[in-house]
Amino acid sequence: MIISLCNVTKEYNLDEETIITPIQNVSLDIRQGEFILIIGRSGSGKTTLLNLVAGLIKPSSGEVLIDNHDLRNMTDTQLSSLRNRRMGFIFQFPSLLPSLTILQNVVLPTTFHSRHRKPNAHKRAADLLQMLGLGERKKVYPRQLSAGEQKRAVIARSLINEPEILLADEPTSDLDERTEQEIMTMLRETHANGMTIMMVTHSTDLIPYATRALKVEDGGLLDVTAAKQPLTDAVRECA
Amino acid sequence: MAGFFVSITLIVKGADDSLHAGLDRLGADIVVVPEGAESKVETALLMGKPTDVWMSTDYIQKIAAVPGIDSVSPQIYLHSLYGASCCAVSEMFLVAFDPATDFTITPWLQRNLGRELDKGEVIGGSYIFVPPGQKDIMLYGYHLVLRGNLEPTGTGLDQTMFFTSDTALAMANSSLTTAESPLVIPPNKISSLMIKVTPETDAHTVSLRILRDVLGVFPIESPNLFGEFRHQMLGLLWVFLIVLILAWVLLTLLIGLIFSIVVNERRQEIAVLRALGATRWFVFRSVLFEAALLAFAAAGIGVSLAAFTIYILRDSITNSLEMPFLFPSFSSIMALLVTVMALSLVTVTVAVFLPAFRISKEEPAVAMRE
């Protein structure tokens, strides 16, 4: 097991009187090599769950553990290093930096932590872009690519540091059916190579790609691949 | 802002350098002038505006008798005819000195010419030249041979021609028959006395003695020479300083505001960087570094443009502001450049600190959601 959420609750104060709780008392274990699909309606808390796992937000209560390390106890440098080395990100919105070429965008994550820098970053980035069909377009800028090509470039960027976990937030939103198929095929191949994937989507059509599908509903999680069994019906005793 | 700062500093420094160079050129501890003619003489020396001031040659002995005085050298102030075809200026200030006692021009002559000036020979300020196509300079129909030019001082001395009193008398005699109007030098009259005090004596004490013992003249101590101008310049400097401080505060706030807007517009981009592994410190110093680069580029352009403009307009500055101006040396400009760059860096760091700190502390997920 590499990711573990234990009785995690996340609250947002919209104003002085209104508090919303998209994630309430959720416990979840994600084992190495799993392809977890998180589905649910818009605003149900899917992205919040993904951000909690990534350490991009702190839980209001409960623990998020990566290899038994509580993210709350990590310094900013440790957390940043963890995200950089062990996690890859695919965002819902266009996230390539417009002032950098595609190749520079893909290489970008290798520049943050010099201690862990791997050699030949540019060659690996070029190879990844070649593999994803963007070999000829590595020197162009993001605005010169289609939405599908940009998504593929983002996938290349997410893989540049050879992470163990890939966190994808609606990677196929706003894409046509064919491009969606291409992206999902790439993710399936990546998973087949041993990558743990946690992907958020509102599309139930993508469930077949996953090893497990979880639905976020009313702040809790339902395992839709196991006859909608609730995962958080009782407070779990965490380590 | 950097350009404005450099412009003001260059003008003030140029004026100050010019005053010092002018005072060094005179080389006198005290200049004695006829009572009431102080400002006329100062204007003549400062701006090269010719003046007619006279006092009796009897004062040479009277002043020399004052205790504490080492040397006394008389000078006669004259002016060229309007529209003389000799020089860069239409009406020129002429100074006749006594070669036997002079310590203003003679040391320069010894260093550069190796001898004294003969009758009919002149030394000019840096702006004096022989008109193209002519062999010498003609004043009052009298031929003068230009033997050299003094180093620029930025003051009226640059537009002044120096010659011996013998030359002045010869020119006056010649002018009776050769000039449109004669050069008149009243007999037994001089315009000023240059004074050097003995090493062990204080110039101020000697000035007080002259004031007390010799009536009809006024001693101007060298540090007080151009005092009115210095006073005006100091006032101007204070105004500039206050304007500069106000502008600096406003500019710092403005840069802070602009960077707040810029950083706010790039929140999502910065959140992506954080998600990809950039630390808060990385974000903080990246924003500061970007601001510093912009500040360096802007300050560099501003400083260069200002220095270039001041250099090109240096003569206009002297004429329009009626102030002496000597363009500062290359090393002074380099020192100014480094100072302005450092000041720009400090300004930008102060201005951008808050927006950079804020964005580095923001939770990436919150920025991404927006």
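How many bridges join β6(B) to strand β7 of chain B, and in which direction do the two run? Three bridges join them, and the strands, with β7 covering residues 142-149, run antiparallel. Please keep in mind that this is a predicted model.

- Nine strands of chain B make up an open sheet with mixed pairing, and their order is β6-β7-β5-β8-β4-β3-β10-β1-β11.
- At the edges stand β6 (137-139) and β11 (217-221) of chain B; each has a single partner strand, so one side of each is left without a neighbour in the sheet.
- From one strand to the next, the twist averages 35°.
- As background, strands of a sheet pair through backbone hydrogen bonds, in either a parallel or an antiparallel way.

**Nonpolar cores**

- The largest nonpolar core has 100 residues, and the members that touch the most others are I38(A), A156(A), L167(A) and M198(A).
- Helix α9 of chain B (residues 280-312) provides the largest share of this core, with nine residues.
- A156(A) is in contact with V106(A), A125(A), L128(A), L129(A) and L132(A), once its neighbours within four places in sequence are left aside.
- Another core, of 53 residues, lies apart from the largest one; M92(B), F93(B), I137(B) and F162(B) are among its members.

**Positive phi in two loops of chain A**

- E162(A) is not a glycine, yet it has a positive phi of about 50°.
- This residue, E162(A), sits in the loop between α5 (147-159) and β7 (165-169) of chain A.
- Is E162(A) buried or exposed? E162(A) is exposed, because it has 11 other C-beta atoms within 10 Å, and a residue counts as exposed at 12 or fewer.
- D218(A), also not a glycine, has a positive phi of about 50°.
- The loop that holds D218(A) runs between β9 (212-217) and β10 (220-223) of chain A.
- With 12 other C-beta atoms within 10 Å, D218(A) is exposed.

Notes: Residues are numbered from 1 along each chain as its sequence is written. Chains are lettered from A and ligands numbered from 1 in the order in which they are written. This is a predicted model: local features need pLDDT of at least 70, side-chain atom pairs count only at pLDDT 80 or more; totals for chains, interfaces and linings use all residues. Helices (H or I, at least four residues) and strands (E, at least two) are DSSP runs, numbered from the N terminus. A residue is buried if 20 or more other C-beta atoms lie within 10 Å of its own, exposed if 12 or fewer, and partly exposed in between; C-beta atoms are placed from the backbone. Two strands pair if DSSP finds at least two bridges between them. Axes are lines fitted to C-alpha atoms, for helices over the stretch in contact, and angles run from 0 to 180 degrees between N-to-C directions. A nonpolar core is a set of buried Ala, Val, Leu, Ile, Met, Phe, Trp, Tyr and Cys residues joined through C-beta atoms within 7 Å. Two residues are in contact if their C-beta atoms, placed from the backbone, lie within 7 Å.
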